[in-house]
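I opened the notebook with one residue in mind. Its surroundings come before the overall fold.

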Amino acid sequence: MSDTVRCKSMIIDFDGVLLDYSRQRANFDTLNKLHNLAKAAHLKEKINGMFNGERINSTENRSVLHIALRAPRDSVINSDGKNVVPDVWQVLDKIRDFSERVRSGAWVGATGKVLKDVIAIGIGGSFLGPLFVHTALQKDPEAIEFARGRQLRFLANVDPIDVARNIAGLNPETTLVVVVSKTFTTAETMLNARTLREWISAALGPQAVAKHMVAVSTNLTLVEKFGIDPNNAFAFWDWVGGRYSVCSAVGVLPLSLQYGFSVVEKFLKGASSIDQHFYSAPFEKNLPVLLGLLSIWNVSFLGYPARAILPYSQALEKFAPHIQQVSMESNGKGVSIDGVPLPYETGEIDFGEPGTNGQHSFYQLIHQGRVIPCDFIGVVKSQQPVYLKGEMVSNHDELMSNFFAQPDALAYGKTAEQLLKENVPQPLIPHKTFSGNRPSLSLLLPTLNAYNIGQLLAIYEHRIAVEGFLWGINSFDQWGVELGKSLATQVRKQLHASRKKGEPIEGFNFSTTTMLTRYLEESADVPKEDCTILPKI
């Protein structure tokens, strides 16, 4: 860190975003070797292949074009020889029109009341990304004005507690439900959708569903069968993976209903700015490429399997949960893209919590336990600054004091010699020694408006793609999610047979049979007859 030339070369500034990776355990030679690795792995060709619409998701024979979701209207991005950008903007224009009709009161509920409350039903990528953006925007001054008098909630978990929390305090007369499911068959999402359909029908009658429920789906047949007008279904495409879908109707529709399309369009523009940078910037100045290379260095060469995502902004409290999915569902693979078992481990264990909360939670481990590379994310201007007369610094300055201090504390540590000079008693010296040399990087954003949130999202999306390209895996399928789903189907059938017909438990191992028996015995008071019971809210 005392080498100014080295440090200066490891600070990159693009479109207001400052990256400082000088506290990584890397030098000029390391970076040269990592750039050689990128050439050997054909990283540039793989990036070009993604942007050109090649079917790089080979196990599902699909293009990977979430970049098209935020491309300018006059862009040309082809998939199978067809420019998909006009299709994207057709849906965006439809969202703009629909959301403004709802927000203005031109579209009203079954009883003529304005729909001011929205519940978005989805799970995984249909939930985590939109929730992150919504949480980040909630206290942005511009977004507050557009959202005044409105609320947006997300129902993801099939646990009835999540249903109860979502409908608490809401009136079906003023509630619009957005059901997000590409196939309209996702078990958890559709059970939650049927539950809220019953909640609306019980209060307003079955005919009210068409006025109070809309869909984000590609399966118009099932949408109509469910009771939603297919004209009120918003499309997306098989070249959009769920965890990369926040910039599609999956996120844009609920967010536009809450904040207005103009705010969400700024979010899309921020992401698009990073897309163009990722595609065109030389690797030595390319934010996602550098971050991806350094992650490979930490995981595959230094042997650190985890990464802490530490935003010094409470507005980003849902950022780490979203990146957990984008990263671990993308790169948690055991075979190469050609299906060959890998001789090395891939993926990172991502976790995080906003500072300064995390400092009083798990930073002890990071400072004196395992070595965990850290991403510190800071914001120059707070969305909601607080100044108190007589205080040495503002509340945001206090927060950012920690943002600047923690990376140096990890880098430098504290030696026994320093502690001796401070007259620390000898028995305490081992406990107060910090090894230092613990890697981190810092991202500094100018503020946290819709545009900056889009930038941050795209930086991490492309960083994760870079890692997958270098590991030689397919970052865009997720077969590991399927096995548990199929086994759950067997359990579901057994629970039905045992509860409704009294049939014995068969076909499971001793452990599962024992647990199922206990579960059925101790929940024997559930209704036997076919009836509807909604949460008591």
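This is a predicted model: local features need pLDDT of at least 70, side-chain atom pairs count only at pLDDT 80 or more; totals for chains, interfaces and linings use all residues.

I left aside the neighbours within four places in sequence, and Asp140 then touches Gln383, Leu448 and Asn449.

I found Asp140 in the loop that joins helix H5 (128–137) to helix H6 (141–147).

Is Asp140 buried or exposed? I noted Asp140 as buried. I then searched for a salt bridge to Asp140 and found none. Lys266 carries the nearest side chain of opposite charge, and I read its distance as 7.6 Å.

I turned to the whole protein. I counted 21 helices and 13 strands.

I asked what radius of gyration a compact globule of 537 residues would have. The rule gives a value near 24 Å, and the protein has 25 Å, so the two agree. Along the principal axes, I read a C-alpha span of about 75 × 60 × 60 Å.

The accessible area comes to about 24600 Å². Carbon and sulfur atoms hold 55% of that area.

I have 53 positive and 54 negative side chains in the protein. The centres of the two sets lie 2 Å apart.

Methods
Residues are numbered from 1 along each chain as its sequence is written. Side-chain values use heavy atoms; hydrogens and water are left out. Helices (H or I, at least four residues) and strands (E, at least two) are DSSP runs, numbered from the N terminus. Buried means under 20% relative accessible area, exposed over 50%, partly exposed in between (1.4 Å probe, protein chains only). Lys and Arg count as positive and Asp and Glu as negative; His and the chain ends are not counted. A salt bridge is a side-chain nitrogen of Lys or Arg within 4 Å of a carboxyl oxygen of Asp or Glu. Contact means heavy atoms within 4.5 Å. The radius of gyration is taken over C-alpha atoms; the globule rule is 2.2 Å times the number of residues to the power 0.38. Accessible areas come from the Shrake-Rupley method with a 1.4 Å probe; for residues, only the protein chains shown count as cover. The place of a charge is taken as NZ of Lys, CZ of Arg, CG of Asp or CD of Glu.
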